[in-house]
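Let's take a walk through this structure together. Have a look at the picture first, and then we will go through it helix by helix.

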Amino acid sequence: MRNYKNVIAAYSIMIFLIILVGIFQSWSIALTILNYCLISAVMTIGANIQWGYAGLINFGIMGYTALGGLAVVLVSVEPVKKAWQVGGLNILACIWIIVAIIFVVKFILNRFDKSKLRNYSIASVILGGIILLRVTAAPGIEAIESVDPARTGFLGGMGLPVLFSWIVGALLAGSLAFIIGKIALGLRADYLAIATLLIAEIIVSIIKHEEWLARGVKNVIGLKRPAPYEINLQTSEWFIDLVAKFNSSKLNLINSISDKQEALNQMVIDASSVYVKLCFTGLFLTVVIILLIVTQKALYSPWGRKMRAIRDNEEAASAMGKNIVKEHLLIFILGSAIVGLAGAMMVTNDGLFTPGSYRPMRYTFVIWVMVIVGGTGNNFGAILGGFVVWFLWVEAAPIALFLINLFTSHLPETNAVRVHLIESAPYFRFLVIGIGLLLIMRYRPQGIIPEKIIKQ
Amino acid sequence: MDFLNAIIVLFNFTVIPALAYGSQLALGAIFVTLIYAVLRFANFATGDMMSFGTMFAVILTYYFQSLGFGLGVLPTALLTIPFAILMMILYMLIIDKFVFSYYRIKKSPPVQFAMVSVGVMFVTQALIRIIIGPSDRRFLDGEKFIIKATEFKEMTGLAEGITLKSTQAITIVVTLIVVSIMFWFLNRTKTGTSMRAYSDNEDLALLSGIDPKRVVLITWVIAGILATIGGVLYGLDKSYRPFVYFNNMLPIFAAAIVGGIGNPFGAFLGGYVIAFAEIFVTYAYKRFISYLLPEHLEPDSLLQLLSTDYKFAVSFSILVIVLLIRPSGIFKGKVI
């Protein structure tokens with residue numbers, strides 16, 4: 001029971017901090033932070049499955065996040081019929097060419113023995129395939145990108161409900177992880193980190209520059225939402241009544257009717273944004289709770305014990321007849337799929353897909369800091385890490401600004417040092433995160449909420 | 001004549017930029033490889049450490065310019081490099097004392113080292129942004145070109161010209177000097193030999209009386225020199241933007257691993273392999289081919305294998321292929 005006290009205390013402090021933001025800044029900001037905390041929590045659950053359960057270091061989180069985001073575009077956006085008409089055939093042909101290349105390479109690999117000739121023939125098949133691909137794709141891509149380039153210029157999606165894309169995002173990320181796992185999982189830990197980081201960069205650069213796919217750096221805006229729109233809320237009767245009911249004590253203090261109406265309008269506008277964010281919070285919270293239950297069950301199942309056995313001593317586990325390669329691949333796919341889900345959730349929350357914003361700093365390293373700080377191998381810890389680090393990441397700048405003002409208040413307004421420090425307040429978040437990580441690594445390497453070993 | 005023109009086009013647009021870029025990568029890759037060989041971890045703070053050293057060079061350059069010091073035709077930054085190196089080494093030693101040495105004594109696994117270096121990366125990045133800010137800075141002064149295209153055309157009477165920027169020449173020359181001194185040091189002096197012994201087998205090296213503290217110190221000193229010079233040369237050639245240095249870390253890693261991690265000479269060549277591959281794959285060969293073929297065969301398309309957007313992706317793909325086929329790197333480094 002004592003173990004749970006720590007968990008409860010840590011989470012209550014976190015909720016209290018978010019409520020403080022609500023009181024001092026605004027409820028809308030607090031809910032935005034909370035939503036992002038929940039998304040980060042999903043990402044850390046994914047990373048924690050890989051690192052905490054199995055000891056696999058995956059610095060490619062950025063790539064899976066981006067792929068999850070891409071899934072939202074591919075699933076929920078209405079198809080651009082004209083683009084399909086002018087260039088769809090070429091793109092479909094390209095897919096067949098890729099499939100053909102894969103089959104030919106597989107055929108050569110299976111049919112012939114290892115030799116220089118085999119390597120050269122595989123290389124020439126791939127090179128020839130790429131040239132064929134470019135020749136086939138070029139006219140199609142050009143045609144697609146010239147269809148109303150200011151608004152579309154891409155193939156569009158399937159026009160399905162946006163929630164469906166979360167599943168697709170997970171599937172896409174999982175299948176990518178299957179390929180990467182096949183390639184890279186044999187590497188030693190730090191090489192695996194570098195290799196996954198670089199592969200993720202390749203994926204992001206493809207998403208960024210293939211404009212026919214998802215408009216690339218031109219971004220896709222106005223994505224579908226699983227929650228109501230603010231504008232619709234502000235005009236619907238029941239919502240205005242609800243807001244009036246909630247704030248009746250405040251409204252009763254105002255005497256004149258016109259003032260009352262104005263105050264009510266303002267309240268409705270504020271409340272509509274809070275309401276929409278609450279809808280998202282509800283959705284995200286459901287996802288986090290489901291994931292938490294499933295991962296918790298998995299961790300203490302025979303399967304979880306097997307994973308930890310493999311993590312702690314590969315040779316021994318292998319000697320006991322466990323298939324390490326297979327288990328590593330499986331856990332790599334599972335973790336990446338969850339990260340892909342988080343990527344889809346994030347794009348849904350933002351309502352826009354901006355491939356240019358996927359940078360390793362924000363989407364790989366910060367997520368890793370979350371896992372390490374929270375507690376590796378413990379799901380509650382990982383989620384808490386997501387909350388704490390995201391909160392610091394967002395609130396470090398205002399807090400730094402406050403402290404700078406406090407400590408330099410004796411200096412005149414125009415003092416060069418003071419001006420410079422105030423200008424560089426946003427960068428204190430890197431300092432806080434970095435020093436936090438170093439301190440945790442040094443003095444509490446198991447994280448805030450350490451892994452719990454149940455003796456059976 | 002057409003053949004000569006074709007060669008010059010290729011030389012001007014691929015070979016010269018690739019040599020300069022490759023030199024910058026090579027310095028960084030040797031830095032990564034040295035840290036890996038002696039201290040045994042992948043340093044994710046590489047890019048930001050290079051940026052940190054360059055930051056001092058930039059600040060000192062501005063200071064010297066305000067004092068009126070300069071080297072005439074050469075950039076003032078060359079004058080500031082020794083001071084920047086000193087600051088860089090000091091910073092690295094402080095970091096080592098307060099961060100890395102603890103894990104070295106504990107003999108932590110390399111993964112933990114890598115995570116710690118991520119922490120150092122965050123802190124370094126924050127310091128850079130707080131001290132100098134994230135904006136783009138040019139600190140090149142002195143003569144910009146050694147040979148201009150128009151001059152070259154007049155001199156030779158050819159249709160195509162060669163442009164040689166002074167920064168490119170400086171980069172290549174300085175790199176060659178630094179790298180040859182470093183290899184002389186590693187292979188010929190006693191300290192260098194002791195470093196290599198420590199890298200090959202730590203226990204055996206300790207038994208034969210090599211002082212590990214000294215080896216670590218010397219490694220950081222060399223690392224500081226390489227990081228600062230590599231960073232400054234890149235900054236002179238392109239421009240100084242803290243963010244770009246972080247991105248450059250990735251091709252640098254690729255170069256170090258392709259060359260065989262832990263093998264300095266491999267890393268040196270790996271830098272050029274990556275740079276040439278990036279530029280040759282993304283170069284549009286239309287102009288080159290049009291000189292070689294008769295007029296009616298002239299190609300319509302750009303004849304580009306991949307668009308320049310995929311420059312980085314090329315080097316990463318090379319890395320993936322190398323890891324798949326020959327994980328110890330082209331020039332045999334430590335076995336993974």
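How many residues does helix H1 of chain B have, and how far does H1(B) reach from its first C-alpha to its last? Helix H1 (residues 2–39) of chain B has 38 residues and reaches 53 Å, close to the 56 Å expected at 1.5 Å a residue. Here the expected span is 1.5 Å times one less than the number of residues, and helices are DSSP runs (H or I, at least four residues) numbered from the N terminus.

Before going on, a word on the source: this is a predicted model, in which local features need pLDDT of at least 70, side-chain atom pairs count only at pLDDT 80 or more, and totals for chains, interfaces and linings use all residues. Residues are numbered from 1 along each chain as its sequence is written, with chains lettered from A and ligands numbered from 1 in the order in which they are written.

Just after H1(B), Arg40(B) has a positive phi of about 65 degrees.

Now for a pair of helices in chain B. The axes of H2(B) (residues 46–67) and H3(B) (residues 77–106) come within 8 Å and cross at roughly 135 degrees. Such axes are lines fitted to C-alpha atoms, for helices over the stretch in contact, with angles from 0 to 180 degrees between N-to-C directions. The angle makes H2(B) oblique to H3(B), where under 35 degrees is roughly parallel, over 145 roughly antiparallel, 65 to 115 roughly perpendicular and the rest oblique. Among the residues making the contact are Phe52(B) and Phe56(B) of H2(B), along with Met88(B) and Tyr91(B) of H3(B). By class, the contact has 16 nonpolar, three polar and no charged residues (Ala, Val, Leu, Ile, Met, Phe, Trp, Tyr, Cys and Pro are nonpolar, Asp, Glu, Lys and Arg charged, and the others, Gly among them, polar).

Chain A has a pair to visit too: H6(A) (residues 162–184) and H15(A) (residues 324–350) pack at about 145 degrees, with axes 7 Å apart. Their contact has 17 nonpolar, eight polar and no charged residues.

Finally, where do the chains meet? In all, 33 residues of chain A are in contact with 36 residues of chain B, contact meaning C-beta atoms, placed from the backbone, within 7 Å. The largest share of chain A's side, 13 residues, comes from H7(A).

How values were computed
Helix = DSSP H or I, 4+ residues; strand = E, 2+ residues; numbered from the N terminus. Contact = placed C-beta atoms within 7 Å.
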